[in-house]
There are 2 protein chains.
Amino acid sequence: MSAIETISEQRCFGGVQGFYRHASTACGGPMRFALYLPPQAAQGPCPLLYFLAGLTCTEETATLKAGMQRLAAELGMALVMPDTSPRDTGFDGATGDWEFGEGAGFYLDATQAPWSTRFRMESYVVDELPALLAEHFPVDVTRSGLCGHSMGGHGALTLALKHPQCYRSVSAFAPIMAPTQVPWGRKAFPRYLGDDASTWAGHDACELVRQHTFPGTILIDQGEADPFLHTQLRPDLFEQACAAAGQSLQLRRHAGYDHSYWFIASFIEDHVRHHADALGLA
Amino acid sequence: MSAIETISEQRCFGGVQGFYRHASTACGGPMRFALYLPPQAAQGPCPLLYFLAGLTCTEETATLKAGMQRLAAELGMALVMPDTSPRDTGFDGATGDWEFGEGAGFYLDATQAPWSTRFRMESYVVDELPALLAEHFPVDVTRSGLCGHSMGGHGALTLALKHPQCYRSVSAFAPIMAPTQVPWGRKAFPRYLGDDASTWAGHDACELVRQHTFPGTILIDQGEADPFLHTQLRPDLFEQACAAAGQSLQLRRHAGYDHSYWFIASFIEDHVRHHADALGLA
């Protein structure tokens with residue numbers, strides 16, 4: 001049985017907000033995550049909603065700022081927030097640039113040295129973490145939804161499109177929707193994946209949806225005052241790709257809202273209920 | 001007209017979450033505060049709920065962690081979170097001790113040098129800040145409620161009991177209820193107020209309630225797993241004082257909850273609705 005170290009556990013909305021650390025096989029070192037167990041977990045395993053955070057964030061960010069626990073407690077849903085990358089890797093260039101390296105794992109398995117030994121967030125989130133959670137906590141990982149923000153929204157879209165058997169629902173806030181065509185992706189992908197751009201397509205939501213649609217409506221909220229909207233996020237491209245592929249998409253644009261967690265908190269209830277419906281909790 | 005500098009303003013639940021800075025007369029230097037204006041503020045002045053934070057906290061703490069904006073937007077209530085003390089005072093001993101000085105203003109007007117020139121949080125919260133808010137924002141400061149946590153709960157109770165004409169309602173989470181009898185107060189009060197313990201009584205909720213009751217029920221939530229419960233907070237003493245004075249008190253004890261904002265977030269809705277009732281917003 002894999003060992004988990006409890007960093008803290010605190011009562012919250014009748015359940016428990018916990019922070020944990022464990023030795024990750026996929027990421028070759030310690031990884032941290034946050035897990036909220038609602039009061040219903042005392043009666044048996046609860047469905048699970050992942051929230052993948054964005055650049056510069058950690059497992060604490062959405063846990064503290066999104067305001068999801070109240071809804072999770074009402075609905076009987078567990079919440080898991082992984083860290084956004086391995087930490088303390090010691091790799092040259094792994095720190096000091098908020099767009100690449102630690103805090104910027106892009107939810108993919110790097111193939112290039114030295115990143116390929118530690119930066120394997122796709123395997124971590126899709127395979128290792130659910131197995132670990134199922135082993136240690138009252139969660140039903142066969143009923144999982146996936147949500148994320150910005151780089152984590154990219155993670156949610158790409159992982160759900162690549163592994164639809166793992167997730168019953170997917171949603172995102174201001175995701176990076178066409179990373180192979182925007183500066184964030186064009187900076188990170190060559191270093192993680194190499195210069196052959198054909199390997200990048202497997203981590204681009206626009207490319208993936210052309211290959212396989214997700215069996216369910218993808219819910220995306222986007223603020224129109226988001227400073228990254230036109231340069232880094234490109235909902236227009238994903239909207240076109242979904243239309244061409246026949247993917248059901250609910251893309252909502254919100255006047256005045258920016259890229260922050262104030263935006264996320266304002267609309268998180270719709271996302272949690274979107275996932276609750278798919279997870280049989282409505 | 002006093003000048004206010006806008007640090008940031010962001011759309012949140014249809015309203016605006018702002019952070020501001022201004023030159024404070026009461027505190028002899030710059031002070032920061034957070035203000036949430038709900039969408040209803042576009043139609044006219046909204047009633048106001050103050051939240052006073054505790055030791056080590058700033059104007060950001062409750063703003064980020066308490067989850068009040070959703071409710072404020074629903075009810076049409078403005079929220080103001082002042083910083084917990086002046087900053088960058090340069091006074092010997094003002095930093096480096098989380099229980100005293102910067103971040104630990106105790107919501108009183110210090111009488112002892114050098115603190116008396118800057119640490120005047122009672123005058124700031126009761127007089128200067130409402131006047132400033134009324135001048136610059138669509139808030140109706142004649143309809144105000146007062147809430148706080150820990151040291152800020154002490155602030156809420158003592159300021160409401162001393163200035164009942166200023167507040168229509170008061171509530172607190174895990175407040176310091178008998179500061180003259182516990183280590184936090186017995187450390188801070190002599191330095192701010194001098195060694196004459198008779199001057200401390202004017203800043204002790206148990207002493208104040210014996211002199212004048214508050215015209216309304218005081219709502220207090222207290223976690224039973226709070227590590228400060230028996231040493232620093234002493235709800236038992238306040239409960240006795242209220243009973244002796246005929247003060248209406250609703251003191252709720254919650255098994256398993258600690259001193260954190262996870263506890264506050266879990267019960268904040270009851271507090272916001274308690275204030276909304278008194279402010280005519282229910």
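Helices and strands here are DSSP runs, numbered from the N terminus, a helix having at least four residues and a strand at least two. With those labels, P114(B) sits in the loop between β5 (78-82) and α3 (121-136) of chain B. The model is predicted. Keep that in mind at each stop.

**Stop 1: the cis prolines**

Select A113(B) and P114(B). The peptide bond between them is cis, with omega near -5 degrees. Now switch to chain A and select A113(A) and P114(A). A cis peptide bond joins this pair too, and omega is about -5 degrees. P114(A) lies in the loop between β5 and α3 of chain A.

**Stop 2: the sheet of chain A**

Stay in chain A and show the strands. Nine strands form an open sheet with mixed pairing. Step across in the order β1-β2-β3-β5-β4-β6-β7-β8-β9. Which strands stand at the edges? They are β1 (4-12) and β9 of chain A. Each has a single partner strand, so one side of each is left without a neighbour in the sheet. From one strand to the next, the twist averages 20 degrees.

Next, look at how individual strands pair. Strands of a sheet pair through backbone hydrogen bonds, either parallel or antiparallel. Select strand β3 (residues 29-37) and strand β5 (residues 78-82) of chain A. They run antiparallel and are joined by four bridges.

**Stop 3: β6 and its neighbours**

Select strand β6 (residues 139-149) of chain A. Eight of its eleven residues are buried, so the strand is mostly covered. On one pairing, strand β4 (residues 46-52) of chain A runs parallel to β6(A), with six bridges between them. L48(A) has S144(A) as its bridge partner in β6(A). On another, β6(A) pairs with strand β7 (residues 169-173) of chain A, again in the parallel sense, over five bridges. Here L146(A) has V170(A) as its bridge partner in β7(A).

β6(A), α4 and β7(A) make a right-handed β-α-β unit. α4(A) packs on the sheet and touches β4, β6, β7 and β8 of chain A. Its direction makes about 135 degrees with that of β6(A).

**Stop 4: helix α4 in chain B**

Jump to helix α4 (residues 151-162) of chain B. How far apart should its ends be? At 1.5 Å a residue, the twelve residues should span 16 Å. The end C-alpha atoms are 16 Å apart, which agrees. Color by accessibility next. Eleven of the twelve residues of α4(B) are buried. Among them are M151(B), H154(B), L157(B), T158(B) and L161(B).

**Stop 5: positive phi**

Select A174(A), in the loop between β7 and α5 (183-193) of chain A. A174(A) is not a glycine, yet has a positive phi of about 45 degrees. Buried or exposed? A174(A) is buried, with a relative accessible area of 0%.

Compare R234(B), in the loop between α7 (229-233) and α8 (235-245) of chain B. R234(B) is not a glycine either, and its phi is positive, about 60 degrees. At 23% relative accessibility, R234(B) counts as partly exposed.

**Stop 6: salt bridges**

Side chains of opposite charge can pair when their charged atoms come close. Over all chains, the structure holds 34 salt bridges. Visit a few.

- R252(A) and D221(A): their side chains meet in a salt bridge at 2.6 Å, N to O. The pair links distant parts of the chain, with R252(A) in strand β9 (residues 249-254) and D221(A) in strand β8 (residues 218-223) of chain A, 31 residues apart. D221(A) is buried, because its relative accessibility is 0%.
- D236(A) and R234(A): the closest N and O atoms of this salt bridge are 2.9 Å apart. D236(A) is partly exposed, with a relative accessible area of 27%. R234(A) is partly exposed too, at 22%.
- R252(B) and D270(B): the closest N and O atoms of this salt bridge are 2.9 Å apart. R252(B) is in strand β9 (residues 249-254) of chain B and D270(B) in helix α9 (residues 261-278) of chain B, 18 residues apart. D270(B) counts as partly exposed, at 36% relative accessibility.

Finish by selecting R32(A), E59(A), D83(A) and R87(A). Salt bridges that share partners join these four into one network.

Notes. Residues numbered from 1 in each chain as written. Chains lettered and ligands numbered in written order. Predicted model: local features only at pLDDT ≥ 70, side-chain atom pairs only at ≥ 80, totals over all residues. Heavy atoms only, no water. Buried < 20%, exposed > 50% of the residue type's maximum accessible area, 1.4 Å probe, protein only. Expected span 1.5 Å × (residues − 1). Pairing = 2+ DSSP bridges. Right-handed = clockwise from strand over helix to strand, strands pointing away. Axes fitted to C-alpha atoms, helices over the stretch in contact; angles between N-to-C directions. Contact = heavy atoms within 4.5 Å.
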